[in-house]
Amino acid sequence: MKGFKFGEKVKTNDGQEGIVQEDQELNSNDVKVILEGAEYANIYKEENLEKIADHI
């Protein structure tokens with residue numbers, strides 16, 4: 001488990017960048033992310049995300 005935290009910048013496996021919207025819950029593979037240019041957040045599986053920067 002990667003343990004994504006609020007504010008971390010991430011990249012999806014298809015190359016889109018976004019910001020984690022809330023801390024990842026323990027024992028969960030789901031991460032709430034809002035992509036650049038999007039109006040609302042989506043849930044992504046942690047295996048489909050890569051951390052590219054800590055808190056912005």
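## T12 and strand 1

Leaving out residues up to four places away in sequence, T12 touches L35, Y44, N48 and L49, where contact means heavy atoms within 4.5 Å. T12 lies in strand 1, which covers residues 9–12; strands are DSSP runs of E with at least two residues, helices are runs of H or I with at least four residues, and both are numbered from the N terminus. With a relative accessible area of 7%, T12 is buried, given that buried means under 20% relative accessible area, exposed over 50%, and partly exposed in between, for a 1.4 Å probe and protein chains only. Between T12 and N48, which are 36 residues apart along the chain, the C-alpha separation is 5.7 Å.

## Basis of the model

The model is predicted, and local features need pLDDT of at least 70, while side-chain atom pairs count only at pLDDT 80 or more and totals for chains, interfaces and linings use all residues. Residues are numbered from 1 along each chain as its sequence is written, and side-chain values use heavy atoms, with hydrogens and water left out.

## Overall form

The chain has zero helices and five strands, and the order of its elements from the N terminus is β-β-β-β-β. For 56 residues, a compact globule would have a radius of gyration near 10 Å, and the value of 10 Å for the chain agrees with this; the radius is taken over C-alpha atoms, and the globule rule is 2.2 Å times the number of residues to the power 0.38. The C-alpha trace spans about 30 × 20 × 20 Å along its principal axes.

Of the 56 residues, 29% count as buried. Among contacts in the chain with a separation of 6 or more, 38% come from residues 24 or more positions apart.

## Surface and charge

The accessible surface of the chain is about 3800 Å², and carbon and sulfur atoms hold 43% of this area; the areas come from the Shrake-Rupley method with a 1.4 Å probe, and for residues only the protein chains shown count as cover.

The chain carries 7 positive and 13 negative charges, whose mean positions are 2 Å apart. In this count Lys and Arg are positive and Asp and Glu negative, whereas His and the chain ends are not counted, and each charge is placed at NZ of Lys, CZ of Arg, CG of Asp or CD of Glu.

## The nonpolar core

The largest nonpolar core consists of eight residues, namely F4, V10, V20, V31, V33, L35, Y44 and L49. Strand 3, residues 30–35, gives the most to this core, with three residues. A nonpolar core is here a set of buried Ala, Val, Leu, Ile, Met, Phe, Trp, Tyr and Cys residues joined through side-chain atoms within 4.5 Å. In soluble globular proteins, nonpolar side chains tend to be buried together.

L49, one of the core residues, is in contact with K2, F4, V10, K11, T12, V31, V33 and Y44 when its neighbours within four places in sequence are left aside.

## Q21 and A41

Q21 is found in the loop between strand 2 and strand 3 and counts as partly exposed at 29% relative accessibility. Beyond residues up to four places away in sequence, Q21 touches F6, K32, V33, I34 and A41; the C-alpha atoms of Q21 and K32, eleven residues apart along the chain, are separated by 5.5 Å.

A41 is located in the loop between strand 3 and strand 4, the latter covering 42–45, and is partly exposed with a relative accessible area of 25%. With residues up to four places away again excluded, A41 touches Q21, K32, V33 and I34, while the C-alpha atoms of A41 and K9, 32 residues apart along the chain, are separated by 13 Å.

N27 is placed in the loop between strand 2 (17–20) and strand 3, and has a positive phi of about 60 degrees although N27 is not a glycine. With a relative accessible area of 77%, N27 is exposed.

K5 belongs to the segment before strand 1 and counts as partly exposed at 39% relative accessibility. K5 and S28 are 23 residues apart in sequence, and their C-alpha atoms are 13 Å apart in space.
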